[in-house]
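Take a look at the sequence and the fold, and then we'll walk through some of the details together.

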Amino acid sequence: MKANKFFAIALAALTLMACNKKDEPQAELKITPAQAEVSVGATVQLSANMEVTWSSSDAAIAGVNDKGLVTGIKEGEATITAKAVKSNGMATCKITVKAGGVTPPPAGADISVTDNSIDDWKALPAEKVASCECPDASAYLGLKGAAVYADAVYINVLVEYDPEEIPDRAWTPFHFYFNTDNSDLTGGYGDQWNDANVDILLEGAVFADDAPCAYDPGVSAWTGEVGGTGWSWEELTIPAPFCESQHVGNYIEFKMIRELIPTTAGWNDSEFGVGFDIQQNWESVGILPIEAATDENPNGHTVKLQVKINK
């Protein structure tokens, strides 16, 4: 009898605790500011009172990264939505993007990746474009050359490949390796280049089922020790489309919104490093930048391409 009485009391106590826990009010999700104006090419930081994921109703007008940093892309209005990770909470911020705010890029820098042409690259001032070529004596001949033009909003990339080095196009990985903060104090994975310090990796296919395909990469951040190698990567969430591409002959053209690429290190305001890699059956057949193969440097290791941001 005493045991039954004790059990009844314990059950009542547990029931009361469960009811009290259930009745506890949940914190209301709030983001700050609730509305904001931003100029084209400029940014505004949103914050939330709890862990959230961010998204934009129109990434072509205003994009947002996984830290709530909003970038004005073109004039118009967009709604930024924050969704609570541990509850059903949701809050929004109205963003109005206005003209101005940054110095327009040089004439001819409005590069299109939907015109089936690469002629717009010819209008760019040569001193504004970072480029590299593959020497004939390279150990990896799949990529013949690359050019990069970066302005306040976009990173534009033009890559030429050698089709004879890419015979198997069932699924062809193409990688961007970024040193986004342009620092030697972060990042790793130096197998392709003398300078490791890659903090962001983009991985996606440029050919699928033997045909050119749009580049829709995943994004990963380096999590290993500084200057280390291996596969210490953590996949990041991409809240909005940030990359477009087109194939023109043996060229592939990429256009991506720089601030929408999530980065744990943060983008340097004036310069960043980038390297490229194309593979067959997960083995590199093309690496840029690269030097000629020698007895002392058989893989042609060199430093990553340094890209200045044109403002």
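Predicted model: local features only at pLDDT ≥ 70, side-chain atom pairs only at ≥ 80, totals over all residues.

Let's begin with three strands that form an open sheet, in the order β3-β7-β6, with antiparallel pairing. At its edges stand β3 (43-45) and β6 (62-64); each has a single partner strand, so one side of each is left without a neighbour in the sheet. From one strand to the next, the twist averages 20 degrees.

How many bridges join β6 to β7? There are three, and the two strands run antiparallel, with β7 covering residues 69-72. If you'd like to find this spot by eye, look for Gly63, which stands opposite Thr71 in β7.

**Aromatic rings**

Now for the rings. Searching the whole structure turns up 19 aromatic pairs. A pair of aromatic rings is described by the distance of the centres and the angle of the planes. Take Phe174 and Phe176: their ring centres are 5.4 Å apart and their planes sit at 65 degrees, so this pair is edge-to-face. Both of these residues, Phe174 and Phe176, are buried.

Phe174 also pairs with Phe254. Here the centres are 5.3 Å apart and the planes are at 25 degrees, so the pair is stacked. Phe174 belongs to strand β13 (residues 171-179) and Phe254 to strand β19 (residues 251-257), so the pair ties together parts that are 80 residues apart in sequence. Are these two buried or exposed? Phe174 counts as buried at 0% relative accessibility, and Phe254 is buried too, with a relative accessible area of 1%.

Arg169 lies over the face of Phe207, 4.5 Å from the ring centre. Likewise, Lys255 lies over the face of Tyr154, at 4.3 Å from the ring centre.

**Charged pairs**

Across the whole structure, a search finds seven salt bridges. The table shows some of them.

| Glu77 | Lys94 | 3.6 Å |

The bridge between Glu77 and Lys94 links distant parts of the chain: Glu77 is in strand β8 (residues 76-84) and Lys94 in strand β9 (residues 90-98), 17 residues apart. Glu77 counts as partly exposed at 48% relative accessibility, and Lys94 is partly exposed with a relative accessible area of 40%.

Next come Asp119 and Lys122. Asp119 is partly exposed at 46% relative accessibility, whereas Lys122 is exposed, with a relative accessible area of 69%.

Most residues other than glycine have a negative phi, and most peptide bonds are trans. With that in mind, here are some spots to look at.

A cis peptide bond joins Thr32 and Pro33, with omega at about -5 degrees. You'll find Pro33 in the loop between β1 (31-32) and β2 (35-39). Another cis peptide bond joins Leu288 and Pro289, where omega is about -10 degrees. Pro289 is in the loop between β21 and β22.

Then there's phi. Asp209 has a positive phi of about 55 degrees although it is not a glycine. Asp209 is in the loop between β14 and β15 (211-212) and counts as exposed at 69% relative accessibility. Asn281, not a glycine either, has a positive phi of about 50 degrees. Asn281 is found in the loop between β20 (271-280) and β21, and counts as exposed at 60% relative accessibility.

Definitions and conventions:
Residues numbered from 1 in each chain as written. Heavy atoms only, no water. Pairing = 2+ DSSP bridges. Helix = DSSP H or I, 4+ residues; strand = E, 2+ residues; numbered from the N terminus. Axes fitted to C-alpha atoms, helices over the stretch in contact; angles between N-to-C directions. Phe/Tyr/Trp six-rings, centres within 6.5 Å; stacked < 30°, edge-to-face > 60°. Buried < 20%, exposed > 50% of the residue type's maximum accessible area, 1.4 Å probe, protein only. Lys NZ or Arg CZ within 6 Å of the ring centre and 35° of its normal. Salt bridge = Lys/Arg side-chain N within 4 Å of Asp/Glu carboxyl O.
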